[in-house]
Amino acid sequence: MTFLSYLISGISLGSVYAIIALGYTMVYGIAKMLNFAHGDVIMVGAYISFCATSYLGLSPLVSVVLAILVCTVLGIVIERLAYKPLRQAPALAVLITAIGVSYFLQNAALLIWKSDPKTFSAVAGGSIKLFGGELTISAVTIVTVVSCIVIMVGLTLFTGHTKMGTAMRAVSEDKGAAQLMGINVNTTISVTFAIGSGLAAIAGVLLCSAYPTLMPTTGSMPGIKAFTAAVFGGIGSIPGAMLGGILLGVIEIFSKAYISTQLSDAIVFAVLIVVLLVKPDGLLGKHVSEKV
Amino acid sequence: MAMLEVTKLGISFGGLRAVDDLSMEIEKGGLVGLIGPNGAGKTTVFNMLTGVYRPTDGGIRLGGENLIGKKPHEICKMGVARTFQNIRLFGKLSVLDNVKVGLHNEVTYSLVESVLHLGSYGKKERAMDEKVLDILKVFGLEGKADVLASNLPYGQQRKLEIARALATDPKLLLLDEPAAGMNPNETGELMETIKLVREKYGVTILLIEHDMKLVTGICEYLYVLNFGKLLAEGTPKEVLNNPEVITAYLGE
């Protein structure tokens, strides 16, 4: 029974990684850049939700909606101000800018919310007991897993069946040709950032509901792990991000439970290295051969 | 009034004058060829017409409207569509979706409608599918709608590119070496398709081509570029008997 309960917390943590990883993977797929500030958008989302419930007394659901709105706008603004001017610049310049944006967000949060940790109250309370009380599943876990599934299905439908989704797939393959077919590439990239950042807000709230300490650096480690998850699953692939996220969460919790709490992160990254050695494109990544 | 009016068009890349003092005029419904030796600047002209490059000087007007300074996706909306010398399909998208990308300008339903399948979404989506199938039929691709574009044989990829361009509902269709890599049979078939497209969709066509059989077979008028400058213009017969053109192609 403890195994089952570890597995469930693994899937729950993994679902949060998966939601964050979706943001990384979509932005990478379409704008071909690694947005290292993505993790810090999670933190901003969590703070917004925290402020809405603690200071304004709004209901948790309203606070989540507010967090999504703020982060969506934040994502679009970051893209416009920091990344759009660098569209033609070498990838390294964009990468460094992303790291800069990440520090900017962390330090802005430090200024606004100070360094003392805030205690985040979960968006959903209560739990259910199964097998005569031997297995407890918290409401947060259920909400997390369900949100993750809904987001996954929603995004798959969106990219597969809508005009904007088709435009995104076209832009991700060939920006130039897409533009010549009447697609506004800048709008498409903005929408991608908006979706990714909105998802980051959800992830922030879910993460802090499960692990309630909220600090300006809260987003950085989950951000890096979710990036790992995206690479693990095959960066650019939506199902890959999902699979990578959940596997990573499960591996992390199992290593904490059965091997060592301190070494769990090391084990997670060791698994990543092994996977990439065997399958450099990630689990679901497609190998793209360069034409000579 | 001419459909396409190009006046004294020129572009420099640093010290290189790639196209210089080019003037062209194409009537509505015309089928015109742009020919010239390799490196003459033909594709550069297409890139200026579609807004990929901004000309250094000169003017481009489509049906009287200025195209200079417009972005590629805006020019596409105004009615210029193109194909590429080296095929640039969206390989990971199905044949149907490739053409649907071309319909991008026409779709009017909102994001919310499309995500939730509300309102007119279903109706419009079906209308789009029908329109796409209609276009695919012209190219004999209707049976391949669900195939990934990268899995099509070469000749059909070339056709699909024209189909995708047509879906944007262009007034002017630019074809960059449509017969490149085709055998004489396929070229013959392509010529029929191009003629059919012009009649059925009423588009004006400007094409770059090296295949003289195709050029003389279907083009009504030719412009010859050499070293970025207009060397000659006229009917295919006039142009191909022009001694300067023969020299440019075959040497002294």
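Mentor: Helices (H or I, at least four residues) and strands (E, at least two) are DSSP runs, numbered from the N terminus. This is a predicted model, in which local features need pLDDT of at least 70 and side-chain atom pairs count only at pLDDT 80 or more, while totals for chains, interfaces and linings use all residues. Residues are numbered from 1 along each chain as its sequence is written, and chains are lettered from A and ligands numbered from 1 in the order in which they are written.

Trainee: How many helices and strands does chain B have?

Mentor: Both kinds of element are present in chain B. The counts are ten helices and ten strands.

Trainee: Is strand S8 of chain B mostly covered or mostly open?

Mentor: A residue is buried if 20 or more other C-beta atoms, placed from the backbone, lie within 10 Å of its own, exposed if 12 or fewer, and partly exposed in between. On one side of S8(B), Thr204(B), Leu206(B) and Ile208(B) are buried, as are Ile205(B) and Leu207(B) on the other. With five of its five residues buried, S8(B) is mostly covered.

Trainee: Which residue of S8(B) is the bridge partner of Leu31(B)?

Mentor: Two strands pair if DSSP finds at least two bridges between them. Strand S3 (residues 31-35) of chain B runs parallel to S8(B), with four bridges joining them. The partner of Leu31(B) is Ile205(B).

Trainee: Which residue in S8(B) stands opposite Leu174(B)?

Mentor: Strand S7 (residues 172-176) of chain B and S8(B) run parallel, joined by five bridges. Opposite Leu174(B) stands Leu206(B).
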